[in-house]
Every structure is written in C-alpha cells, then in structure tokens.
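Trainee: I've got the model open and a list of things to ask. Can we go through it together?

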Amino acid sequence: MSLVRYAVNASELNIRESEVLRYLGYDPKLVTEADLQMVQNLREEVIGKIAPKAVYDRFRIELPKEGVIDMPYGRVVSKDLYNNLKGCEEVYIFAATIGAEYDRLVKRSSIRSMANAAVINSIGATAVEELCDMLNEMLRLEALEEGHALRPRYSPGYGDLALENQKGIFSVLLPEKNLSLTLKDNLIMAPEKSVTAIIGIV
Amino acid sequence: MKLSEKIKSGFTYFEGGCGTILQSKGLKPGELPETWNILHPDIITGMHYDYLTAGADIIKTNTFGANILKYAKDDEQFSLSGVIEAAIANAGEARVRAGREDAYIALDVGPLGKLLKPLGDMEFEKAVGIFAETVKIGAAAGADAVLIETMNDIYEAKAAVLAVKENCDLPIILTCAFDESGKLLTGADPVTVVTVAEALGVTAVGVNCSVGPRQMADVVKTMAEYASVPVVCCPNAGLPRVENGKTVFDVDPQDFAEAFEDIVKGGATILGGCCGTTPAHIKAMHDLTVGMEFSVPTTKTDSLISSYTHSVAVGDKTVLIGERINPTGKSKFKQALRDHNIDYILQEGLTQQDKKADVLDVNVGLPEIDEVAMMKEVVTELQAVTDLPLQIDTTNIEAMEQALRLYNGKAMVNSVNGKEEVMREVFPLVAKYGGLCVALTLDEGGIPDNAKDRVSIALKIVKRAADYGIQARDLIIDPLCMSISADPNSANVTLESLRLLRDEHGLNTVLGVSNISFGLPNRDLINGTFFAMAMQNGLSAAIMNPNSSEMMKAYYTHNALRALDENCMEYVDYAVNFVPDVKAPVQGGKTSDTAGASGEAKDKNAGADNEAPLVTAIRKGLKDRAAALTEEMIKTESSMDIIDGYLIPALDIVGKGFENKTIFLPQLLMSAEAANSAFAVIKETIAGNAEGDGDSKGKIIVATVKGDIHDIGKNIVKVLLENYGYDVYDLGKDVAPELIVETAIKEDIRLIGLSALMTTTVPAMEETIKQLRASGCPCRVVVGGAVMTKEYADMIGADKYCKDAMETVRYAEEVLQG
C-alpha cells in the first residue's frame, strides 16, 4: 500500500444539531427552536472555515503474544489494542483534521462570546468525528469488497494505548507534510480538532 | 556563470524526485533517507549523475530532512554536519563524473514538521535557529544555492529564508506545496506566497510536490503574473496509487513533459520534478521545453501587502486601515495595556474587521510598558484571530524590527520620513523583512506649508529608499494633514499634494484622515467630507476609524459614484443595513434584541410574572437590552442595588437551572454575557463618578497548567466568576507553576483555579500545587478539566474538584465569603 489522501467538502459533513447539543449536555426534551437556530448559524460559520482532510495507509501487523502488537512503526504493548485487533493481520491507520483555520475561529469566538465559542467547540468536535466516520465507512466498503470486515477504530489515549503511539503513527503517515497536521512535544496534535486511529481488518 | 545570471539567460532545470528513487533501491519506511549519504554514497551519486545527464542544471542535495531535530550535532555515525557534508560531496562527485562542472548544487531544505506558534508549539525564533544550523553547514561545505521546498506554511518558509539570509549570501529559491484548492495547507494563496517571498528577497519562487503538473498550471500562471523573479515549477508525477503491491505514479514521462507546455506558457522558467518523477521524466520534459520561447520575468509594479492568507493591493480603491489599536487619547486602551489585557486589544481588532477594515494599524506604545515585548505579543496574538494584514506603527526601532520579524506575511510599516537619521534606521529593516512603508513628507526643515515642497520631500525619500534596494511600489506617501482649525489652508495643501503625487509621480498615498478636524466640535462631520475629497484626489489608503458612520458613508458612496464598486454591490449592502446613530427608546418599550437561546414556548425557567425587565433580559441572554436597561436604572438606583437586586438573582435563576439540567452551557454563558454587559455599564458609571472601583468579592487566579493549551473550560469559568463579582486574574494557558506562585503571593490570592484537559498535563497540575504549598501561600486550589476526577484531585493534593463552572462559583462563594 501507499499513503492515500482523503478530503471531503466541508459542506458534505453531516454535522447534526442533535449531536452538537448532546455534546453540550442538552436534554433532548428541552431543546428549543432557538437552540437549533443558534447551532445552524454557527455551523455555517464553522463550515466556511474548515478543510476536512485525512491521510491513511494499510499495513501488515503481527500479534506475537498476548498484549503485544507489532505495528509498522515498532512493537506496541497494550492489552486493550491487542483485544481490539485479535485475529487481524492488517490494519488501516489514519490521521484526520479539520485544519488550522478552525483553531483561529475558536480563538476569535472566545474573545467575542464564550457562549458561541462553546458551541463552536462542540461543532468542531462533531465535525472531526463525522469526518472519521465518513472515512471509516469508505474503508469498510473497500474491505468488504475483499471479503473483510473492520474492527471499531482505536486511537492513542483510549484504554491503555499510550499517547506515545502518536509518534509512530506520525512516522508512517507523515501528516505534517500531507495535512499540515503536527505533533507537539507534549504529544497533543495541532491543529486541535484532529484524530489519529487504527482500524483492524479481519 | 552565476546561478542568478543563468536563470535569467534561459530555462533552468532542477532534478526530479529523490525519495521514490531511494525507496526503489531499498529504503525502508521510517528509515531516514539522509543516512544514505553516508551509507550508500554510490547510490546517491548515481542518482544525481542520472539527473545531470538527463538535462538537470541544479542538483537537489539529499538533505530534505537534515536538521538538528533529526540529526544530533554529536552523533557518532550520523551527525548533522556529517550527513550534510556527505550529501554535498556526493553531489560534487556526480557533477565531476557527468562532466557537468556548469551544474549547481542546491542545499535542499524541507519543513521541520512542526506548526509554529501561536497555533503550534514551536517558537518562530527556534525555527530560524534550526534552519540556521543546516544552512551554515551546507554553505561552508560548498553549496551554490539554497532550495527551501515543500513548504506548507508561509510562516515557516519565512523562518527558513531569514535563516539563510542571516548566515550566508547564497541565492534562495523557495517552492511551496499548494493543494488541490490552489492554496497552501495553512491558507496562503499564490499571490501571497509571491508577495512574502519577494519581500524577503528570494532569487526565485514557485511550487513543488502535492499535485501533478496539469493541476499546477493555474497556480504557476498566477504567480508569474505577480512575480518579478523567475517562477519555479516542480510537480509530482501525478498521484500515487498501488499496482501489484507497488507504489506507482500515474503520470508517465511523456504526459509529464506535455503538461509542461502550459506551465511554460504560464510563465515558469525554472523547471523540474518532485515525488515520483525520474530522470526519464526530466529528460522528456527538458527535451520538449528547451526549445520553447523563453522570456525574462518583468519587474512588476503592484503595491502589495499580505497576511498569512491573502494579499491586499494598494491601488485604485482606497484601502481602509483601522486606527483603533492605539492608546492615543483612549484611557480604556491605555488601561488595557497597563493591565496586560490582550483580549481587549484583540477585540478592538475584530470589531474593526467586522466594520470592513482591510488592514489594522497596531500601535501599543506607552511610556510605562515594555513596548517591544507588548508589540511582539500583540502582533502574534492578533494573527491568531484575524487574517487581516497589519500595519506596524511605532517609533521604537527595536519594536519595529521584532514585529516585522515575527509578522506572518508582508506588513505595512508606519513610518519613515525625510529625516536622514530616520531613513538610516528604518530602511534597512524594510529592506531585510520587506514591507510597504509609510513615508511622511517632513524632514529636518519641518513640514512644508505648500504642496510642491511636500512632493519634493516624497521624491527625496523615494530616491533614498532606492539606495537600500527598496522600490517605489513599497512606499506609500503620507503628505500629512493638519487641522484646519490651526491653518485654514491646510486641507487645500494636502489635497493638492495628493493630486500631484498621483498624477505627476504615480505614487501611492495615505493619510491619517481625522487629523484634519482636530480642535473642532463633532469632528466626524468634517472628517467624512474631507475623506471623500481626499479619495477624489487619489488617496490610496486611509488610516481611519471604521466605527465612524460618517467615514464609512463617505467611503461607500464615493466608491459607488466613482465606478469602483461593481454594480454598487457594496453600497447596497451597506445602505440596506444602514442604521442612523440614534439610540432606541428603552424604558418599558420593546427593543429589537435578537440574541437569546431560550425560546418563549419552552421557557421553563421563567420567573414570576412581575419579574424585573433586567432579570428577564439577563435570563434570556439579551446583551444589548441588559446594557440599555442598566443605563436607565443607574440614573435612579445605586450600583450595588442593581448588582445585588437584579444581576445576581438573575444569574442565580440561570445557575440553578443549569444545576437542575433545564438550562445548558450556551444559555448559561449567554446570560453571563448579558450580565457582563450590564456590569460594564455599572463600572463605567462608577469610574465616571469616581466612586472608586466598586466592591470586589475577592480575587481569584485561573490558569490552564503548563503544557496544556486547551483553555475553553478555563475561559468559561472565568466569565462566570467575573459575573458573580470576583476579580479574576486570568494567567492564560500553558502557564508555568512559578508564575502562578508568584502572582498568588504578589496579589494576595486566596483561591486558585487550575484546568487541565490531558492526562499528560496532570503532573504539571500536581507540580503547581506542590510549589504553591511549598511557598506557604495560604490559598485554596480548585481543579477541573476533562480528565479531572475527584480521585485525581485528591491524589494531587487539590482542595476541591469542581465538575463545571457553576460548581466553581459555588465553591468561590464558600471560600471567599464564608
């Protein structure tokens, strides 16, 4: 395999109001027309500023013993990831982001109105999840054609999978070059709304 | 022949891809390609040899990732200098073997893989330093030029170019990676890349990587239209795909070559390849293009400035430069500078952007503050929130240099004048960092009282600038306007100067428009008319207040009347939304507030039927109405009565709703913002009556701990605490424990709120608490954030864990009022 770039039009992301409000802690029974309107207006603003993109590749892996996975970037010790990948010989690994302009938008909103900033934060989180879902679905269909199925995607920081894995994932996907997505010294990604994940192929 | 002469004498060819060739020779994923300079010099030399015999004139050394982040200085096997020196030796060897002593060796410099601050975590100066290490070694080892390539971010490109300029005299070629949208991943368009690159004095500018040759043609054409230096084009061989388990690129040498016909017609003169291209691609492309018509790039006359995304051309239509970021005559702004209230300054910038300013003037000079540090911070922070170009406005040369250096783009510089001493200080900075420089028509003899002499000073400045290599297009003349209250002929002289500068000398002009009315009542009336007259006489840019409706009226109507506003679109948009500056009646009447998330129908938190209007306004998050009502009430009620009788009760209703989960975060914050606007009215009245600064309920520090930059949660807590009448010291994000301790002691703080989002930053929180305890500061520490739990909080020695902002308010009440 080799690196494949994936991009969708921001307006194609299905950023549901209900999901945005759920993320903000709303009780669905108490959502008003005005709440929906607020999300819709800010969603327009977010869509105008994001560039949803991803890069992925497909790799062979080995599971030499319980709790140990040989990833393309080296040996990983993680019971949780091991359980997730048991029975897989291959994985997809991807990195996805909605871009740096979103970070500026949040900053701008924080100065003008924290209420809007909180909603925009939730819209951004929903947007990057949706991007991951769309990519995930495409990969599922791709795998299905070959008679394979996919395991639920798994990210560094989930369960006992160390954040250190970000370094390895970055070394094989080169998201710095492909997405302008970078890893900070503290292993947090910049731009902020970004996701890396491993998906087992069975 | 020198490279700088060669590229003006005919087409010049770069090598093609390197990485894909090394992979085909066995380079493994994750293996560092630059180690092969030492491990397999034969393969590297062979690759250069093949490219040279295919027609390449410039070798790209195998040093794309050679920097101190990847290669330690003292590594025994692969030291940074070892890797770079070997790369250049291999290139030199290939040159000899191929009998191509006329070929050039370009030290190849790629991106660092780090996003610069404020969005990422790398300091601009650190990036300059890292590039400098690579450049020094390469220059000493005999490179003929430096190729800075595959840049996604114009800011990082600037760091790299500065590093080269400061460490050697080699020609600089800059190529950036544009994606399918025709922009860099960090947003810059092709014109902006050209503008910034030329401002920094590169020898050639262009595109590489990312897409295939056909998709690059448009970007190349746009760049060539604006560039005075040669344009480079090094595309990929299309996009990679997998065939029989091997990576192949979909553009073969013949297709690749044919696509270059459009690229050359579009104006590129330095040609080559990137990922997936081979010596066969370069040969086919070379053979097809070498006989095509070559033309030397012409010198362009566009006057451009840029931010990190887009450029603004100074030309026919007057550019609006917002003047509000300036302490002169503004007591609130001065106070914000003294209090280090950066948000206030940023807010001034954003408001002007909303009012359609094209550029923001930045002046933060105040005798009692460190202007250099403040200028650096404000320029950086402004560029984290706005994409407008900035005008650096200072007489402090050190502040000017630091701001121009840190600025992401090509700035305006305010200002130089005809005094020899000032030109000697300012022009070297403009020459080094680029910029469009405001030039005031005054000199050692003062300000001439007639247009002819002002124009003479302008011409003297233009001539002197040329000595520094600064072209007339990078100057914008300010013929100055003085108040007509002091000199009745003043406007006439200024207008005549504008006309002469435009008609006789083709120079761009700028004015601080409102100076014309100094000393007169209702100044905006004069300002608006004078602005229209100045535009009619050729004013290219105005330093003005975009909040002034008289000025904006003049601007839109003038443009519509002068056919500078296509189909009057901007005028119509302005006119249909035009609201005269009259305050709407408030008392008892209905105002037209539109904000507010809670609809009437499901308003389960409505108070009693006889609820006071101010309580309703706050509850519903109606900012403007809350402020207007407070303005009325303060005439008859004391400030404390309003706070205790309306604001706090309203917030309590909302706070209880939040705790009972009938009101949600955005609504809570909107109410907080409405209460804030009521507070602002009260504060202003108190300040006006000089009653002191009101009663504070206590002082609280909030901070996101070191290593963590997620500050949404912390900001939410801050807004709410302020609402409840606390003085909040917001130390920001990524805050060192030492600063928190120091502030706590200095300000005698009793409550500190710490926030962390990541598990990885919890240790920083623990360290902060440890240092606070060790200092003997008798404060309580409340912690919160996404990963925090009661257990964590206990473990790291916090006094309290709060799950949300309301709980933090309750805790503050308990600690500070109990």
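Trainee: Which loop of chain B holds B:Pro118?
Mentor: First, the ground rules: this is a predicted model, so local features need pLDDT of at least 70 and side-chain atom pairs count only at pLDDT 80 or more, while totals for chains, interfaces and linings use all residues. Residues are numbered from 1 along each chain as its sequence is written, chains are lettered from A and ligands numbered from 1 in the order in which they are written, and side-chain values use heavy atoms, with hydrogens and water left out. Helices (H or I, at least four residues) and strands (E, at least two) are DSSP runs, numbered from the N terminus. On that numbering, B:Pro118 sits in the loop between β3 (104-109) and α6 (124-140) of chain B.

Trainee: What is omega for the peptide bond from B:Lys117 to B:Pro118?
Mentor: Most residues other than glycine have a negative phi, and most peptide bonds are trans. The bond from B:Lys117 to B:Pro118 is cis, with omega near 10°.

Trainee: And where does A:Pro191 lie?
Mentor: The peptide bond from A:Ala190 to A:Pro191 is cis too, with omega near 0°. As for its place, A:Pro191 is in the loop between β8 (189-190) and β9 of chain A.

Trainee: Is B:Ser210 buried or exposed?
Mentor: B:Ser210 has a positive phi near 70° without being a glycine, and its loop runs between β6 (204-208) and α9 (213-226) of chain B. Buried means under 20% relative accessible area, exposed over 50%, partly exposed in between (1.4 Å probe, protein chains only). With 9% relative accessibility, B:Ser210 is buried.

Trainee: What relative accessibility does B:Leu480 have?
Mentor: B:Leu480 is not a glycine, yet its phi is positive at about 70°. Its loop lies between β18 (475-478) and α18 (490-503) of chain B. B:Leu480 counts as buried, and the value is 11%.

Trainee: How many bridges join β2 and β6 of chain A?
Mentor: Strand β2 covers residues 53-60 of chain A and β6 covers residues 90-97 of chain A. One of the residues involved is A:Asp57, whose bridge partner in β6(A) is A:Ile93.

Trainee: How far is A:Arg104 from the ring centre of B:Tyr308?
Mentor: A charge sits over a ring if NZ of Lys or CZ of Arg is within 6 Å of the ring centre and within 35 degrees of the ring normal. A:Arg104 lies over the face of B:Tyr308, and the distance is 3.6 Å.

Definitions and conventions:
Pairing = 2+ DSSP bridges.
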